[in-house]
Amino acid sequence: MTKRKALVVYGGMELHTPREGAEVVRQILEEHGFAVQVTDDYDALGADDVGSNALVVPVITDGVLEPEKMARLIAAVQAGTGLAGYHMGLATSFRASVPFRYAASCYWVSHPGNIITYHVDVTRPDHPIMEGIEPFEHTSEQYYLNYDPAVEVLATTTFSGEFHPWRRNVVMPVVFTTTHGQGRVFYSSLGHTADELEIPDVRLILTRGLLWAAGAL
């Protein structure tokens, strides 16, 4: 049987430990039978054969991809290649690309208080990504996002207003899914650095989300 292929591309701010995070994603996918390419060459996202991947995972803060190559990536997603990201991946990747922003379905704008402890609520315990996961406390950046109202929200957090009083009681997605054309899109804001991806619930959500986006869950 031919293995599903996945492409993991990393880069950007070292603060986010992108290489280490990409290796965690590789490990997860290889444990589930994927053939995984990991690279720091952004151009791989716009390769002629990018659509042969079941899943593409940008572990990238900001970055630039030439419009022609971005068009290939977006066409691949629209044709059925899954797109998945955590924390900075999707939410901050390729900030200047309107086509990518549309596919990613979210955009990071702030993390009031920087590293804090906040509560994560599970809103869709019936979804296969969240099944069996109870609400939990998490210490990291609490991401404030601008996001597409078309997403299906699986987990949320509520901003206390302690740091930005004008955003008190705002409920924000932490985990969501959506589609872009025929492609499945998964995002989790958990995982500021790679070590957070070793927290059992965070890793389980990421694992299931990657598999879901690839059509393997």
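Predicted model: local features only at pLDDT ≥ 70, side-chain atom pairs only at ≥ 80, totals over all residues.

Modeller: Helix α5 covers residues 200-213, which makes 14 residues. From its first C-alpha to its last it reaches 20 Å, close to the 20 Å expected at 1.5 Å a residue. The helix is mostly covered, since 11 of its 14 residues are buried. Among them are Val202, Ile205, Leu206, Leu210 and Trp212, and Arg203 and Arg208 are buried as well. The cover over the buried residues of α5 includes the helix α1 (18-31) and the strands β3 (55-60), β4 (82-86), β7 (136-141), β10 (171-180) and β11 (183-188). After α5 comes glycine 215, with a positive phi near 75°.

Next come the aromatic rings. The whole structure holds 5 aromatic pairs. In one of them, the ring centres of tyrosine 42 and phenylalanine 94 are 5.8 Å apart and the planes meet at 85°, so this pair is edge-to-face. Tyrosine 42 sits in the loop between β2 (35-39) and β3, and phenylalanine 94 in the loop between α3 (88-91) and α4 (98-104), so the pair ties together parts 52 residues apart in sequence. Both tyrosine 42 and phenylalanine 94 are buried. Another pair, tryptophan 108 with tyrosine 143, is tilted, with 6.0 Å from centre to centre and 45° between the planes. Tryptophan 108 belongs to strand β5 (residues 106-110), whereas tyrosine 143 lies in the loop between β7 and β8 (144-147), 35 residues apart. Tyrosine 143 is buried, at a relative accessible area of 3%. Finally, Tyr42, Phe94 and Phe100 form one aromatic cluster.

Terms used
Residues numbered from 1 in each chain as written. Heavy atoms only, no water. Helix = DSSP H or I, 4+ residues; strand = E, 2+ residues; numbered from the N terminus. Expected span 1.5 Å × (residues − 1). Buried < 20%, exposed > 50% of the residue type's maximum accessible area, 1.4 Å probe, protein only. Contact = heavy atoms within 4.5 Å. Phe/Tyr/Trp six-rings, centres within 6.5 Å; stacked < 30°, edge-to-face > 60°.
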